[in-house]
Amino acid sequence: MSIEKRGFWPWYLQRITALLLVAGMSVHFFLFHFSPNRYVSRYYDEIIDRFCSPGWIAFHACLLSLVIFHGLNGIWGIFVDFNFNKRSKYIVNLTLWFIGTVLFGAGIYILIWFATKNGNM
Amino acid sequence: MQKIKETFADLAKNRSIGMYAFWIHRITGISITIFLFLHIWTLSAVFFGKDAYDHAISKFDTSSGYIFQYVLLLVVAAHLLNGIRITAIDLWGLTRSQKKLFGISLFIFLVIAGIGILTVLL
């Protein structure tokens, strides 16, 4: 992912989102894979009880947007490295935007679904 | 296609720690992005109600589910630690220390892999 081919902002934002994701993913992994409550914390009732406060919803919405941007921007960086023609780049760029929008929309819809089930929001 | 062939030829020619780290980072990055689809798809079972959601999640509470989660942990840890290494090299000009940083990343990775056996697999 050379900075010459991709421009400054995609490169810089990839680094910034990476640093934010280190913190966000550590919290996510601890809660759902390392903590003593990791088994129950994945199930419906526990999510409704513990993870539907405005703070947790905001945290997961931020984590979702960061991970989608970082993942798709990374794939774009790999693609750009292969020096495809302008038309291919345009199609891939459009496809990645579409995938990102669908993933973000679906993820936010899931969060809203959970949030509106416990009456906290 | 030519560029893809050149990339593989480059890997065969330059077998160094930096090159391995570069490839590990790309493969783990693509894998995690693909996993994101699976993750959203699994969670979307909530649209069919509590039972459907719990049933979807329970598939990860089997032996193969725990192995899958452990592999996921290793993939995320490898990408995350190498990402910190790359960011440190890029932002603080630590290119000369890249091999040492790789060693530190590898050590932390092995610690996480060890803890993961206790917390994810067992």
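Mentor: Let's begin with handedness: a crossing is right-handed if the near helix is turned clockwise from the far one by less than a right angle, and left-handed if anticlockwise. Keep in mind that this is a predicted model. In it, helix 4 of chain B and helix 5 of chain B make a right-handed crossing.

Trainee: Why are helix 4 of chain B and helix 5 of chain B called roughly antiparallel?

Mentor: Look at the angle. The axes of helix 4 (residues 63-92) and helix 5 (residues 98-121) of chain B cross at roughly 155° and come within 9 Å. Angles over 145 degrees count as roughly antiparallel, so that is the label this pair of helices receives.

Trainee: How do you know that helix 4 and helix 5 of chain B meet?

Mentor: Contact means heavy atoms within 4.5 Å. Residues on the helix 4 side include Tyr66(B), Leu73(B), Leu81(B) and Ile89(B), while the helix 5 side includes Leu101(B), Phe109(B), Ile112(B) and Val120(B). By class, this contact has 18 nonpolar, 4 polar and 1 charged residues.

Trainee: Which residues lie nearest the centre of the largest cavity?

Mentor: They are His28(A), Phe32(A), His60(A), His39(B) and Leu43(B), out of 33 lining residues. Helix 2 of chain B gives the largest share of that lining, 8 residues. The lining of the largest cavity divides into 25 nonpolar, 7 polar and 1 charged.

Trainee: And what lines the second largest pocket?

Mentor: Among the lining residues are Phe69(A), Trp76(A), Trp97(A) and Phe104(A). Helix 4 (54-81) and helix 5 (86-115) of chain A are the elements that give two or more residues to this lining. About 310 Å³ of space lies in the second largest pocket, and its lining has 7 nonpolar, 5 polar and no charged residues.

How values were computed:
Residues numbered from 1 in each chain as written. Chains lettered and ligands numbered in written order. Predicted model: local features only at pLDDT ≥ 70, side-chain atom pairs only at ≥ 80, totals over all residues. Heavy atoms only, no water. Axes fitted to C-alpha atoms, helices over the stretch in contact; angles between N-to-C directions. Helix = DSSP H or I, 4+ residues; strand = E, 2+ residues; numbered from the N terminus. Parallel < 35°, antiparallel > 145°, perpendicular 65-115°, else oblique. Nonpolar A, V, L, I, M, F, W, Y, C, P; charged D, E, K, R; others polar. 1 Å grid on protein atoms, 1.4 Å probe; cavity = no way out; pocket = protein on both sides within 12 Å on 5 of 7 lines; lining within 4 Å. Points joined across faces, edges and corners; volume = space filled by probe spheres on them.
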